[in-house]
Protein chains: 2
Amino acid sequence: MNANPQFLAATAQVDDAAVKPLPNSRKIYVEGSRADIRVPMREITQGDTRTATGVEKNPPIYVYDTSGPYTDPDVKIDIRSGLAPLRAAWIEERGDTEVLAGPTSEYGQGRLADPKLAELRFNLKRAPRRAKAGANVTQMHYARRGIVTPEMEYIAIRENQRRKEYLEGLRAGGPTGEKLARLIGRQHPGQSFGANIPDEITPEFVRDEVARGRAIIPANINHPETEPMIIGRNFLVKINANIGNSAVSSGIGEEVEKMTWSIRWGGDTVMDLSTGKHIHETREWIVRNSPVPIGTVPIYQALEKVDGKAEELTWEIFRDTLIEQAEQGVDYFTIHAGIRLAHIPLTANRMTGIVSRGGSIMAKWCLAHHKESFLYTHFEDICEIMKAYDVAFSLGDGLRPGSIWDANDEAQLAELRTLGELTQVAWKHDVQVMIEGPGHVPMQLIKENMDIQLKDCHEAPFYTLGPLTTDIAPGYDHITSAIGAAQIGWYGTAMLCYVTPKEHLGLPNKKDVKDGIMAYKIAAHAADLAKGHPGAQIRDNALSKARFEFRWEDQFNLGFDPDTAKDFHDETLPKDSMKTA
Amino acid sequence: MNANPQFLAATAQVDDAAVKPLPNSRKIYVEGSRADIRVPMREITQGDTRTATGVEKNPPIYVYDTSGPYTDPDVKIDIRSGLAPLRAAWIEERGDTEVLAGPTSEYGQGRLADPKLAELRFNLKRAPRRAKAGANVTQMHYARRGIVTPEMEYIAIRENQRRKEYLEGLRAGGPTGEKLARLIGRQHPGQSFGANIPDEITPEFVRDEVARGRAIIPANINHPETEPMIIGRNFLVKINANIGNSAVSSGIGEEVEKMTWSIRWGGDTVMDLSTGKHIHETREWIVRNSPVPIGTVPIYQALEKVDGKAEELTWEIFRDTLIEQAEQGVDYFTIHAGIRLAHIPLTANRMTGIVSRGGSIMAKWCLAHHKESFLYTHFEDICEIMKAYDVAFSLGDGLRPGSIWDANDEAQLAELRTLGELTQVAWKHDVQVMIEGPGHVPMQLIKENMDIQLKDCHEAPFYTLGPLTTDIAPGYDHITSAIGAAQIGWYGTAMLCYVTPKEHLGLPNKKDVKDGIMAYKIAAHAADLAKGHPGAQIRDNALSKARFEFRWEDQFNLGFDPDTAKDFHDETLPKDSMKTA
C-alpha cells in the first residue's frame, strides 16, 4: 500500500487490482420479472475431463458475486462518478419519498459549504431523498403490507444462484448429464438447529421473512447503488468487513481501495469505522462507490464533534449525525441503545471491563449524567429517522465480553434482553433490526449464547464478531475467531463480522483485509454446508472433482482465492501425484 | 529458506532461529521423585500493573514446553552430536533390553557399510537396543503389570503444569494474592462429552489410562532423547507437524530445521514423511536431534525400495523396513492394515477415490494380488516387532475421505471397524495404538465420526488430520481444517495432525510449517478450554489481564507467537486506546 499520498478528488482512480477479472470467470446477469432487475453472478468456466474414451465437458459453476460492477469489463469504472444508481427507479416509483433541496443536517450543510473541502469532496450531483411526511419507506413496512419489492425479487434470484435451472440443465444432457447432476448436486443432510431454508427461495418467502423480522434488507433510499442482499438465518450466511482510516494510518483513497478489495473477495457488507478529520468525506466516497450495504457507528463521529469528550454528547448532536449519515446513504447503524444505567455495575468484576468502543462511550456518558442514555430514552425518535430513509438497526453489544473470562456473563445477557425489548419497539415502527453479538466465547458456550439470542431477541438476525474461542493468539485472531464464527453461523447467526490478524494490535491494511475475508468466507461457507443450505455443496463437489482429476487450473479457479492457490502451487512442484488430504 | 546447499555431516549446524530464547521466557525444570526426572516448562515473566496506589506484581505464567533443550541457554547444542539420551538410564535399568552389535535390518546394515554415505551420515556412537527374547518393553505392558515408569511420572508432572502449586503459591500471598488466584484461576465449566480429566494428573492415572489403551506414550527404546509425552483424550490435546523432503524440494539440513522450528512453536510430535534418496539418513538426523516423538509411514520407504512399484512390495521388505526404522528410534508407525480387499470396491462411487498415499499403495497391492494385504495378514508379526522396541501403532486411515462428498461413507466406516478389531489384537500383545482419522468432513458430521471411532475402536486415542470443513479454499486449508480440528478435539480427539496452507498444492516450507502449527495450537487449546481441561484458562486469563491493562509486551509474550504480535503492533500505531474485540 502506498504511504498516504494526498488525496484529490479530481485525480482519484480506481485500484487496478479491484477491476482485474478473476481467472476463467465472467459476470452474468439473471433477469427478473422486469428488465431492470438484473442479478449478477460469477460464472466460472472449467476445463474438460480426459477419460479413456475421450473428453467429457465440465459445466461452468455459478457463484454468489459481491464484487459489483468492478468485475464487469463492460462497465466503465470512474470512482469520481460513483456507481450507477440501479435502484433509483424502484425507489422513485414507490412514490413515498421526496427529493430534498440538499442535506438537512446541520453538519452535512456545513461540510458542503466549506470551500476548504472542495478538493476532497465527492461531486455528488444527486440530492438526498427522504420519506414524505407520514410515510414509512422500510422494506419491512412494504413486506408487512404484503408488497414484494424489486429488492425482494432480486434477492430471491440471488440467493438461489440458478441452482434449479443449473441442475435441470445438466439432467437434460442425457446420461452423462444425469450422472454429472447426481455427482455435483449431491449433498449431506444438514443439521439446521431450527433454521428453515426452503429448497427454492421465492420473492414471497423473502417478503415473509422480512415481515417477520427474521431477516433484513439493508437498503437506504439514499444508497441506490446497492445490489440488494439479505441477512437472515434462512438465507446464506453473510460476512462483513470492517474498514476505516485513522489520522495516522490512511486516507480516503486507501479506504475506497479497502472497500473494493473487500467486495472483490466476498465481503457482503462493509462497515466504515473511520475516525479523524475527514470522516464525512471519506464516507461519501465509500458509499458512492459501494455496491454492498455500508454500516457505520454514528456515535464515533458524534464523539469527534465534541472533541472526544463523551460526557458532552447530546441527543441533538447525535440526531444531527444520524440524519447526516442517513442522507449520505448509510444502510445500517450500530446503535448501543441497550446499555442501561443498571447494567454498568455488572461489569465491575469483569476481567476486561467494557471493550466495545461505543459501549464505553455510552457507559461514560451514563455515569457522568447518572441517567439512562439518550440512545435509550430517544429510541423511538431514532426509529422515526430510520424509517424515513430505511436505515436498519444493528443494535450494538456495548457490553460484549472482551475475554474468555467474561463470556456469557450477566452484563452481556442483561444487555441482550434489553436489545430484545428494543427490537420489539423498532418492529412496532416497521424498522429493520439485527443484533450484534460477541466477542470472546469459548466453544462450549457458543450454542448457549446463540439460543439465548434467538429467544430473547425474537429471532431478529444475529450479527456476531467472531467469536474468538481463545485469547492467547494475538496475530492470529482471524483463526481463533473463524473457529467460533463457523460454529455460531451453523447454530443460526445470520452475518459474521470478520476479525483480521491485526485484531487487538493495529489497524488492518489491505493484506489483513483479505486474510480476514478469506477466514470468514470459509467460516460462513462451512456453516452453510453444516446447516444443509440447499446447493451449498455444489462448489465443493466441483472443486473436489477437479482435484481428483488433476485439473489444477480448475482447482485454483473454483476456490475462494485463485491467485494464492496458484502461487503456492507454483512455489514447489509436488513430486508425487497423490495428494495427502 | 536457503536453496538446498549440499549437506555435510561435518559442518552441520543448528538453525539459529531455533535456539533463540523466547522473549521474557526461561526454561525451568520441575524435579520428580528422582533426580533424573526433570520436566521442562517455560516460565513467562510479566511486568507490573500500575494502579492508583502504586504497583502490583504479576506472577509468572508456566506453559507446556515442547521445544526441548534448544531453548535452554545452559545446554550446548551441536546437531552433529544429537541430544542427550535423557531416558537411557530408565531403559537400561528395567533390565529387559539388550544392546545389539549394530543394526539388524539388512537395509540398515547396507547403509552403514556404504562409504558413499559417509559425508552425510550422522555419527551415532550408540548401538541399538531390542527387547530380550520373550520380553515386552512397551509402556502399555509395564502399565498393565502395575508399574509406574519414570516416563509416566514425567508425564504427570508435565500435564499438570505446576497448576496446583502455582495457585496455592498465589493464595499464600495475602489478600492481593487471593484476588489474583481467583482472577487467574477462574474457568468456565467445560462440556467434555464423556472425557474424564481429573483435577490433578497422578502417575497412577497416567498408568491406568495407558493400561486401558485410552492413551499412549510414544517412546521407542532407541529414541532415549525424547521428553516423554502422552496422547489421550483425558490429557491436553496434542498436535503433530508433518515434515519431509522430496527429491525436488529440500535436503537433510532443511528437514532438521523444520523439526526444530516445529517444536519451537509447539509441535508435540513430528512425522517425517521424507521421500527420495536419503530417507534413511535424513531420519537419523531428525531422530537424534528430536526431543519429541517421531512418527513415520514405513510403507513410503518400502515403496522406494521397490522403485515405486506397489505390486512388488513384500512382507519381507516391509518387515526389514520396520526393523530398520525401529532401530533408529521411530516412536510410532502409520500402518494401513485396515484396508481389506472387500473395502476397496466401496470406494468405486466416491468423488475422490482413495486419497491417502499409503491407502492407495495398499489398495493397488491388494488388487494386483487379489488377496488381503501383508499388513493385515502379518498383523501379529508386526505386533511382535512393535513390542520389541516399543513402537506405537498409528493405524492408518487409508480410506479416509478426500472430499466433503465422501465424508463418513461406508468405505471409511468399514475400515474404521477393522481398525477397531486390529486395536484389540494389538492390545492382546500390549502394543500401544492410536487411530488415524479424516480428512474432509463437514461440521454436522464431525461428532458422528468421533462417536463411531470411540465406540468401534474401544476408546483408543483418535488422531485426525483436520478435518477440513470445506473443499473450496485451497491456499487456506490450515483454516478450513482448524475449524474442524477444534471441534473434533473438543469431542474427544487426542491429537490433531496439522494441515498447512500448502495442503493440496505443494510441500510446506518453514513459514508454512509455522502457520500450520499456529492454527493447530489454537485449535487444540480451544478444545482444551471447551472440554474444561483444568487450568487451561490460566493463560487466557493472564493475557486478557495484560491486554486490559495495556501491558503490551506481556500481551505479546503470553501469546503463541510473540514475534508476530509485536511486529503487527509496531506496523501501525493504533490511535485509540480502546480495542475492538
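Mentor: The copies meet through the same surface, because 99% of the interface residues of chain A are also interface residues in chain B. The model is a predicted one, in which local features need pLDDT of at least 70 and side-chain atom pairs count only at pLDDT 80 or more, whereas totals for chains, interfaces and linings use all residues. Residues are numbered from 1 along each chain as its sequence is written, chains are lettered from A and ligands numbered from 1 in the order in which they are written, and side-chain values use heavy atoms, with hydrogens and water left out.

In chain A, 96 residues are in contact with 96 residues of chain B, contact being heavy atoms within 4.5 Å. The size of an interface is often given as the accessible area lost when the parts come together. Between chain A and chain B about 8,200 Å² is buried, and carbon and sulfur atoms give 66% of that area; the value is the accessible area (1.4 Å probe) that two parts lose on being put together, summed over both.

As to polar interactions, 26 residue pairs are in polar contact between chain A and chain B, both residues being at pLDDT 80 or more. Such a contact is a pair of N or O atoms within 3.5 Å; within protein, one must be able to donate a hydrogen and the other to accept it, and residues adjacent in sequence count only if both atoms are side-chain atoms. Seven helices of chain A give two or more residues each to the side that touches chain B: H7 (174-185), H13 (357-369), H18 (477-491), H19 (510-531), H20 (538-548), H21 (552-558) and H22 (562-571). Helices here are DSSP runs (H or I, at least four residues), numbered from the N terminus.

The rule also finds two salt bridges across the interface, each a side-chain nitrogen of Lys or Arg within 4 Å of a carboxyl oxygen of Asp or Glu. One of them joins A:Lys502 to B:Glu571, with the closest N and O atoms 2.6 Å apart.
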